[in-house]
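I opened this model to look up a few local details. My entries follow, one topic at a time.

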Amino acid sequence: MKTLTKLVGAALAVGALFATAPVSAKEVVLRAVSSFQQGSLIERPFARFVEKVNAEGKGLVQINYLGGPSAMPPFEVGNSVSSGVVDMAFVTAAFYTNLLPAGDGLKLTEYTIQELRQNGGWEYINELHNKKMNSWYLARTGDGNPFHLYVNKPVEKADLSGLTLRVTPVYRAFFEKLNANSIQTPPSEVYTALERGVVDGYGWPIQGVLDLGWQEVTKARVDPGFYTVDVNILVNLDKWRSLSDEQRAFLNKMAEWVESTNAENAEINKSEAKKQADAGMVVYTLEGAEREKWLKTAREAGWEQVIKAAPDDGPRLRELLTK
Ligand code: 173
């Protein structure tokens, strides 16, 4: 009996060992989520990143992509990567201002991510993510993809009085500075809010309007665009530190690659603008002094909000991100 217990015990111990051992001693599988819908243009850089990591990282790093907003509400994604519920996240800083208020400033960069990696900007952004949300700032996508206002009522001046607009932290300070009323929603609620007339318009990048069917309920886009999309690949910091040098070097190489694809945005923007026009959307273009006011208000309201929300980190971020 004694021997049997010992044998069973030994068998269980061996079983437990095998159950927790990774497929290969060296391979790590990272669980990832996206805050943007799978198959949409905004999400595409991450889908390509996952595909490339899984193709080239066999035996070293693999990504188990759990899904987009149907797997996890977008405003929860920052918390999840911070706490380690997931190991990796594809998420815009606007969705985690609860953890990193200064992150709202990433959209205000006047440098590309390649330039920020040269001038110390990336280091500071990474340090903020380390300290405030236990994350490693692995990569940035979205450079060259500007935000716009989309509306169902005419906009002829840099004045949004009388309009109720759907926002996220990206647009709120700017639109409110020009006298709009704002309502915050995740992307999944935009269509219905427009259909029901709850809002007269919304903020969104030049890319991706048609992915979500919003051209059906959108009359116009306002030009010029403003700011720069930031959708970032974050890794839980404990997980990042647990990786081998080789695994980290591999992920850095993949990050550099995905950031190089930002250069494709100029072409994608053109084809998106054409698709919007083909779908019947018109463009209200602000010119001259109104255009200047539009862009200046966007920039100033944006930084004012960042400095107010993050008085300690905002000023340094502004120095590093602006020319
Ligand atoms: O939901 C949004 O409008 C938003 O904030 C955003 C940020 C980055 C890319 C796309 C949308």
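I looked up T322 and its burial. T322 counts as buried because its relative accessibility is 18%, where buried means under 20% relative accessible area, exposed over 50% and partly exposed in between (1.4 Å probe, protein chains only). The model is predicted: local features need pLDDT of at least 70, side-chain atom pairs count only at pLDDT 80 or more, and totals for chains, interfaces and linings use all residues. Residues are numbered from 1 along each chain as its sequence is written, and side-chain values use heavy atoms, with hydrogens and water left out.

I placed T322 in the segment after α12 (314-321). Helices (H or I, at least four residues) and strands (E, at least two) are DSSP runs, numbered from the N terminus. A polar atom of the T322 side chain lies 2.6 Å from the backbone oxygen of R318. I then listed contacts, meaning heavy atoms within 4.5 Å. Leaving aside residues up to four places away in sequence, T322 touches L108, E110, Y111 and W303.

Next I checked strand β5 (residues 147-151). I found 5 of its 5 residues buried. F147, L149 and V151 cover one side, H148 and Y150 the other. Which strands pair with β5? Pairing needs at least two DSSP bridges between two strands. β8 (residues 201-205) runs antiparallel to β5, joined by 5 bridges. There, H148 has W204 as its bridge partner. β9 (residues 220-226) also pairs with β5 in the antiparallel sense, over 4 bridges. F226 in β9 stands opposite F147.

Terms used:
A polar contact is a pair of N or O atoms within 3.5 Å; within protein, one must be able to donate a hydrogen and the other to accept it, and residues adjacent in sequence count only if both atoms are side-chain atoms.
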